[in-house]
Amino acid sequence: MNSIISLSVLGVLVLFLGILKKKTWLLPLILLGLVVSLVMTILHWNMNRSLFHNMLIIDNPGVAFSAVMIFSTFLIFMFAAQYYRKVTRPLDDIYAVMIFALVGAVLMSYFGNLIMLFIGIETLSIALYVLAGSHKEAITSNEATLKYFLLGSFLSGFLLFGIALLYGSSGSFDLYTIHAYVAQHMHEGLPPMFKAGLFLLIIGLSFKIAIAPFHFWAPDVYEGTPTLLTAFMATVVKTASVFAMYRFFSITFFGIHGVWEMTIAILAGITIVIGNVTGLYQPNLKRMLAYSSISHSGYMMLAMVAFSGGTANALLFYSVSYSIATIAAFAILILVREARGNDYFGSFNGLSRNNRIEAFTLAVAMLSLTGIPPLAGFIGKYFLFAAAIEQGWLWLVIIAIAGSAISVGYYFKPIIAMYFREDQGTILRSSRTYKVHIMVLTILILLLGVLPFLVSGLI
Amino acid sequence: MLTLILIVLPLLVSISLFFVRNERWARNLALAAALVEFGISIAALVQYFLYCHCQLLFRFEWLSGYGISLKFGMDGLSMLMTLLTTFLIPIIIYSSFTQKVARSSTFYSLIILMQAGLVGVFTAFDGMVFYIFWELTLIPAYFIAAYWGGENRIRITLKFFAYTFTGSLLMLVAIIFLYFRTPLPHSFDHIWLYANNLNPAEQVWVFLAFFIAFAIKVPVFPFHTWQPDTYVTAPYSGSMLLGGLMSKMGLFGMIRWMIPITYSVLNRTDGLFIIFPLVGIVYASLIAIRQDDLKRFVAYTSIAHLGLVAAGAMALNSQAMQGAIIQMVSHGINIVGLFIIIQYIEVRTKTTSIGELGGIALKAPRLAVIFMIILLGSVALPLTNGFVGEFLILLGLFKYYWLYAAVAGLTIIFSAVYMLWMYQRVMLGNTNAVTENFTDLSWKEMIPLIGIVIMVLWIGVAPGMFMKLAENGVGQIIGVIR
């Protein structure tokens, strides 16, 4: 709770600083505020409280995931100074909206009531619609925000309608009450209204996570959105929505196996196949990362299918490893786009000669996303796959494994370009601090791979 | 503890090499590290014999909740493979000094990293740790071949990577699947993986996953299509690493993991899977005869020779398996020797085409003699290293089914034909414009080759120590099967 308050206050403070035109104070204040909120979040550890009649439930998985999201936001803000250094206006609005989006994400990780879930998602989404269009002069940014807004509000309708139907059949928005209702009516079969509601809810959430076949917005929106904010979308927003879905299923269907498992499994399978196969045909890194994020949502769905094996831990590790690697990739993407004006794979040619650290970071990030030991991505995949196999989802794991094999085809494109193709003399303009930041990310990826128990034993 | 040092030392050296800017320093440091590593492995060997076959175990609970522990040790099989690795790596590094290597600190760093991965693969006694090191070797191998390689390297090496990565992922599924069939609390320890209780249908699937993964790595026909191109396009050091050491990972995996875990599938299928390597022997031999490029030639002979080893490993009796282990060592030594010689020839003549060469023996008697000895080792002449292993394999195969031994025996005839014919065309006859100014080997160049020749003769004449080590390795695995 304290972290939600502190984050909201931080957002308001940022807006005030904008009014006072204190541009140089902005980023230090934000980073400090995020650290404070992170500490406050961690202080909630083992508290297990429920607030406002189960509206918010502060439990360890929720705390862990909000900590991860705050940490990811922190990492993204570290690159903000370089990304926006040519913009002269204070930018308080963009930063504040990002923080408000984070508030929505944190709400989503604590919700104990479907209404709270909806409020969280809308707080997050409305902020994102604004962020997607924040580069007002660029037509792609305008396109992105329009697409995202139209589809997003439409699919929010699905979500709300699903929640209404669930309420209609079970008589409550409260997750635990719904769980009791499901447990009671499981043997005689759930009424069609409940199933329809569940189905609509899954569709609504799938859209937010970008699960096939509701993923079509993602590549275009990712491509049009300013790159720093795309990194935010691909990591924080993804983690928040995946965990919200996980939370819904793991509480509502605790100890219950049902038809929804197969639905989720099929969605996961389709997502992995579509994400990876389509990823092969992308001409530039940003679109490729969009498809990469789609396929990774597919892998994360394995945690939902197999949640009775207690996969919150696996999902947490996966989110952390995925977020760090993706942020690292976007950090390099920002540099390349700045130096060459685009991010076609050709722009990466020979990057390793003059920019060793940058190339190495991107290579490690790509290898980690592919899932090659001993990097963090491998351990994350291993946890998820092992949980799914334990629950008897072998066929799904084989699809996931095939997807990983296919993903070599596109994750290696930037590596091949950077290391094995002819040099074009590109020199990336990254400051010393920027270099330190990306090296920190690289070390984190390696460290989590070698010492996974730093994160894996938490929840 | 020595086992752990053998893995950690190269890892540390590899990381520090990345930051060495001076290229001369880098390569000398790499060579020194490799030699130290060899010394440590000799110490491990001494310790092994002194303290009567203790396993030099190291164990650390890495992810205890998930049953993964860093468990390294050395039985006879691991010891032989580790010795092979630590013996060959300094030779590979030294032989690369003849050619100028761009960005050499990264190059040597990758070779040393590869060594860490290889020793890890050969000494891991935990299924998941084995897999992690297995994949760890792929990264340096890929980068060495793709960065320092020749024509079409990007396409060919990506094929190589995708092929082997797919195979290893299959293996990963099999290992995780096995893990959940171990008694509670689950464990990846090899003892528990061996003692699995799979039903027959599951065993077939697990077997297939292992078989494909290992067959790709060796490679066994029909999973060999990545291999000739990759060997040709990789730089010489890369080909030596791939042919001399990485291919042994596949065979090692068969003997250490696939056979003890799923031997019953091999029993039930009545040797069906031995047919693949046997076909490979005939097929690759016939192609090798027709090859003009020396590197491609060696690549195909490697498929044939390793096919015999794979057949021996799968015959499930102690002679054949012991022979397979000895032959893995011999083949590693011989193929590295052959690649070094081809490298010297290419440095001097700028060609690897058999048709363009000829008469080198007249100009370079030292090279001719050494080449001949290594060649005879490959042909498996008695008193050379190839003979010991191949003889035992054929003996074991004969016990298994005489027809298999008959087909496998063709390899001796075939290899005599293609090897000697190649030697005749390259070394004998009169010199031509290309080989006219061929200079003989300098003493500096001969150092690595002398090491190899010593090993060829040592294993050939007095294989006692190697047999003992192999016997120990085989004993445990046959013990599981019985």
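How many helices and strands are there in chain B? Chain B has 19 helices and two strands, where helices (H or I, at least four residues) and strands (E, at least two) are DSSP runs numbered from the N terminus.

Before I go on, this is a predicted model, in which local features need pLDDT of at least 70, side-chain atom pairs count only at pLDDT 80 or more, and totals for chains, interfaces and linings use all residues. Residues are numbered from 1 along each chain as its sequence is written, while chains are lettered from A and ligands numbered from 1 in the order in which they are written.

Overall size, then. The C-alpha atoms of chain B fill a box of roughly 70 × 55 × 45 Å along the principal axes. Of its 482 residues, 60% count as buried, meaning that 20 or more other C-beta atoms, placed from the backbone, lie within 10 Å of the residue's own.

Next, the neighbour. In chain B, 20 residues are in contact with 22 residues of chain A; contact means C-beta atoms, placed from the backbone, within 7 Å. On chain B, α5 (127-148) and α6 (153-179) each supply at least two residues of that side, and α6(B) gives the largest share, eleven residues.

Last, one helix pair. Helix α12 (residues 294-313) of chain B packs against helix α16 (residues 385-400) of chain B at about 45 degrees, with axes 9 Å apart. Axes are lines fitted to C-alpha atoms over the stretch in contact, and angles run from 0 to 180 degrees between N-to-C directions. From α12(B), the contact uses L308(B), V309(B), A311(B) and G312(B); α16(B) brings E390(B), I393(B), G396(B) and L397(B).

Definitions and conventions
Contact = placed C-beta atoms within 7 Å. Buried ≥ 20, exposed ≤ 12 C-beta atoms within 10 Å, placed from the backbone.
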